[in-house]
Amino acid sequence: MNEEARAQRTFLALWIVLTVIKVMIAARLPLFVDEAFYWQEGRHLAAAYSDLPGLTAWMTRLGTLIGGQHVLAIRMPFLLLSALLPWLLVGIGTRWFSAVAGWRAGSLLLLMPLSGSLGILAIPDVPMAFATVLCLDAGARLLQRIDAAGAAELALGLAIGALSHYRFVGVIGTGLIALLLIPEGRRVLRDVRVWVALAMGVAAWAPLIAWNIENADAGLRFQLVERHPWTFQWTGLWFLLVQAALVTPLLFFALLTVLTRALRKGDALPPQRRYFGLLGAVSTIGFFVLGFFADVERVSFHWPLPGYLPLLLAVPVLLRAWSPWLRRATWILCGLGLASVLGYYLVASVPRWRADLAGQKFYPYNFAGWNVLADAVREELARAPEPTGMLADNFKVGAELGFALGDDAIPVLDHPLNIKHGRAPQLRLWGLHSDGASPTPQLLVVGASEVSYKDLLVQYHFLCSQVGPLPPPRVINVDHGRQRFLLFRLPRRDAAQLEAARAQPCVTPAMAWIDTPVGGADVPRVFDLAGWAFKDGVGLEAVEVLIDGRVVARAHYGLPAPGVATYWKISNDPRHPDVGFRARVDASGLAPGQHWLGLRLHGRDGSVEDWSEQPIRLRKP
């Protein structure tokens, strides 16, 4: 078998196997919170939205129209685009390098973790990557010969990109710079057919521009100003390390080598190869620099992908000059990297496996607990003595519950997350922003895990300022409380009654902390436990100690803990400073190994709240 046939068979085998695996994972992986909001946008069809142009929402709507209300239906259009992407790259590589290089570039795209996992999630990066490759191909064709076909492909790519994401502006800018740096590229930019294609691409931004004009530039301000600090941050170095890991180290080195060679003026490269290198170089360097100044709180590791795509085309040629063992190591590392990413998604899709990550940093909380929450909400609504509406405290809860319950119009309260993720303007446009008043009783659903613990009490008090004192909640602890929801039954209230309720002293859910033993500690069969707990507005009556969900001790509650009130300055628990507790726990009847230590907090208002659990390891006798 010759080299081309081997490269082709390798690509086909990888494409078939990985496509099947991605479809299987996508069919059972719970919706990521952003996907749920895109589904909600798809149920409120519009030309553009506060966070994105319209294409992602349109694709989710198309998927559900064909496949019904299922996670795989939402993701299917994205899976199809991602399955076409490697074939496009194969065609480009074959045309401008060789057939062997084309098949291997397609295989690298399939195996690189950052690109190989595309399509599992219904996110705008999929059509944006597709648009990038279309523009890449069109630009290379136009460098050889300017014709209507090349201009039409460029127009199509520019239109799809404009309808995908604000970030596609960077792809356009990179393409223009790359063409201006090449004599043949400057010739392309003088042709009227190319300018017609560019004009069509510009026209595709019209819906997004119109939305921003009508809404005081809310989307632009969020994307370009509000979400970015625009000050130098050394955490940008971490961004580079993450890129090396997600691309895999040896392939990352190969991409950087291609990048540096493209910037050498002395290298006599064909214009298409120079164009590919300059595209990748300008885009990749630009995003690496941006990483030192831009948003580091939200997910941004996928941003440089459009720059890697043109660089991948030249990597197979570069690898031929490497020693055989180094080439094998590159392919093996890519395979292991992709297996890790797909394995993470697989773990997130299996509740029992996901629960094992509850004590780890990489716990996939954005995928966790939504079906459990939906079941609890259905139970509460079924038990309600009269018709009861729903009220979510943030857009994530509203969108995820909406998908699970088939309701795209769940009202949402003000919440920092709505602003942080640019969704607040859209909720207001849909009329889903709620002030808390309602002519019917409401079931308020609160995502307690969505706020960092140090800010949780402030958020609870903010909730009180919106809906008044909070009644005893039903607590939904998912995966040992790593994902935590609270359900509150609120009475019907008009504006005057709501205003009167807001004036009352704030009553919040309980807060607690175990000082000893710390999470993950090895403890003897009989050990001492100490910590603190309080419940604003009413105070706590008792604290019980749980292991694996069973009561094993009743703590002595009411010990002095003056530092708690000093830290939680806004707390109004009447028992301060005596909110400490201590207990002697006898776990001699339990098997050695890992167990989960928790608390059950009994409020003076009759509430019973199970606190989040932490792992401990019981020593052998």
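Modeller: Leu305 is buried, because its relative accessible area is 4%; buried means under 20%, exposed over 50%, and partly exposed in between, with a 1.4 Å probe and protein chains only. The model is predicted, so local features need pLDDT of at least 70 and side-chain atom pairs count only at pLDDT 80 or more, while totals for chains, interfaces and linings use all residues. Residues are numbered from 1 along each chain as its sequence is written, and side-chain values use heavy atoms, with hydrogens and water left out.

Leu305 belongs to helix H17, residues 305-319; helices (H or I, at least four residues) and strands (E, at least two) are DSSP runs, numbered from the N terminus. Apart from neighbours within four places in sequence, Leu305 has contacts with Met112, Leu114, Ser115, Leu118 and Ala129, where contact means heavy atoms within 4.5 Å. Val585 is elsewhere: its C-alpha is 52 Å from that of Leu305, at a sequence separation of 280 residues.

Met112, one of the partners of Leu305, also stands out in the largest nonpolar core, which has 139 residues. A nonpolar core is a set of buried Ala, Val, Leu, Ile, Met, Phe, Trp, Tyr and Cys residues joined through side-chain atoms within 4.5 Å. Along with Met112, the residues with the most contacts inside this core are Leu251, Leu255, Tyr275, Phe276 and Leu373. The helix that gives the most to the core is H7 (residues 125-144), which supplies 13 residues. A second core of 50 residues is separate, and Leu413, Val467, Trp532 and Val579 are among its members.

From H7, Met128, Ala131, Thr132, Cys135 and Leu143 meet Phe168, Val171 and Leu179 of H9. The axes of the two helices are 11 Å apart and at an angle of about 15°. H7 and H9 are therefore roughly parallel to each other.

Most residues other than glycine have a negative phi, and most peptide bonds are trans. The bond from Thr516 to Pro517 is cis, with omega near -5°, and Pro517 sits in the loop between strands S5 (511-516) and S6 (522-523). The bond from His576 to Pro577 is cis as well, with omega near 5°; here the loop holding Pro577 runs between helix H26 (562-567) and strand S11 (580-586).

Two aspartates have a positive phi. For Asp217 the value is near 60°, and the residue lies in the loop between helices H12 (206-214) and H13 (218-226). Asp217 counts as partly exposed because its relative accessibility is 35%. For Asp548 phi is near 55°, in the loop between strands S8 (540-547) and S9 (550-554). Asp548 is also partly exposed, at 38% relative accessibility.

Helix H21 (residues 395-405) is another mostly covered element, with 9 of its 11 residues buried. Those buried include Phe395, Lys396, Glu400 and Phe403. Just after H21, Gly406 has a positive phi of about 70°.

Terms used:
Axes are lines fitted to C-alpha atoms, for helices over the stretch in contact, and angles run from 0 to 180 degrees between N-to-C directions. Angles under 35 degrees count as roughly parallel, over 145 as roughly antiparallel, 65 to 115 as roughly perpendicular and the rest as oblique.
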